Amino acid sequence: MAVKRVPEPVHLADMELRHIHGVLEIERQSFPTPWSERAFVSELTQNAYAHYIVALRSSQVVGYAGMWLILDEAHITNIAVHPDERRHGLGHDLLTELEVRAYNLGCLRMTLEVRPSNPVAQRLYRRHGFEPRGLRPGYYSDTHEDAIIMWKDELVPASPAPDPAPGAPSLPRRPLGERG
Ligand SMILES: CC(C)(COP(=O)(O)OP(=O)(O)OC[C@H]1O[C@@H](n2cnc3c(N)ncnc32)[C@H](O)[C@@H]1OP(=O)(O)O)[C@@H](O)C(=O)NCCC(=O)NCCS
């Protein structure tokens, strides 16, 4: 009798340097202008504002997401799921995890940019309560598309938020590269 193999469950974890190879494979299949290995290494080792997570199945990276935490605002830099793993709720799980972590680290609002030509991502964000608030003209240098700026004003409390860190760093520049 044939034994049906049940796939290993997916779990979420902090992104580490050893995950970058798997992240890059998904990155290249997901974005017209993928980030480089150096960009991810820099995010993990040099950027104090950055916070990245991975979705792992049997230690394989099947999705990832990241954000910058700046005072009480979280700015999503990227979210992607391996093409073979899409439409099973992983994008939703990654976004939920970012929201919970951002809230628990003292953020009250969340923002991101998305391409007008990416209705799938827009739908995911709307389902999470993000709403469009404006455009960044010509934001994406590869296609010269505008970016839709979306915001979510009230992150849902998952557990008591810590007191804001005294002397938290001031606001830096826009994210490393244009996504969407
Ligand atoms: C956007 C992305 C992360 C969604 O990941 P996912 O694991 O497929 O998403 P989920 O299965 O959790 O679906 C969540 C919601 O996304 C939307 N969605 C996902 N795939 C969709 C599709 N093919 N068509 C329409 N809506 C879709 C839906 O709203 C869905 O919820 P619903 O089906 O209950 O309405 C994934 O498509 C991806 O990696 N895309 C390439 C990278 C990218 O565009 N990232 C966003 C940059 S701004």
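Two strands pair if DSSP finds at least two bridges between them. Keep that in mind for the hairpins below. The model on screen is predicted.

**Whole chain**

Colour by secondary structure. The protein has 4 helices and 7 strands. From the N terminus, their order is β-α-α-β-β-β-α-β-α-β-β. Buried residues account for 33% of the 180 residues. Among contacts with a separation of 6 or more, 63% join residues 24 or more positions apart.

**Two hairpins**

Select S3 and S4. These strands run antiparallel, joined by 8 bridges. They form a hairpin with 2 residues between them. Click Leu-71 in the turn: its phi is positive, about 50°. Leu-69 faces Ala-74 of S4 across the pair.

Look for Val-54 opposite Tyr-64 in S3.

Stay on S3 itself. Of its 11 residues, 8 are buried, leaving the strand mostly covered.

**Val-61**

Zoom to Val-61 in strand S3. Is Val-61 buried or exposed? It counts as buried because it has 21 C-beta neighbours inside 10 Å, and the cut-off for buried is 20 or more. Show its contacts beyond four places in sequence: His-19, Gly-22, Val-23, Ile-26, Val-54 and Leu-56. Then draw a distance to Val-10. The two C-alpha atoms are 9.4 Å apart, though 51 residues separate them along the chain.

Hop from Val-61 to Val-23, one of its contacts. Leaving out residues up to four places away in sequence, Val-23 touches Met-15, Phe-40, Val-54, Val-61 and Tyr-64.

In soluble globular proteins, nonpolar side chains tend to be buried together.

**Around the ligand**

Finish at the ligand. Which residues come nearest? Of the 20 around it, they are Arg-86, Gly-91, His-92, Arg-123 and Leu-124. Select strand S4 (73-81), helix H3 (90-104) and helix H4 (119-127): each supplies at least two residues of the shell. H4 gives the most, with 5 residues. Colour the shell by residue type to see 8 nonpolar, 7 polar and 5 charged residues.

How values were computed: Residues numbered from 1 in each chain as written. Predicted model: local features only at pLDDT ≥ 70, side-chain atom pairs only at ≥ 80, totals over all residues. Near = placed C-beta within 6 Å. Nonpolar A, V, L, I, M, F, W, Y, C, P; charged D, E, K, R; others polar. Contact = placed C-beta atoms within 7 Å. Buried ≥ 20, exposed ≤ 12 C-beta atoms within 10 Å, placed from the backbone.
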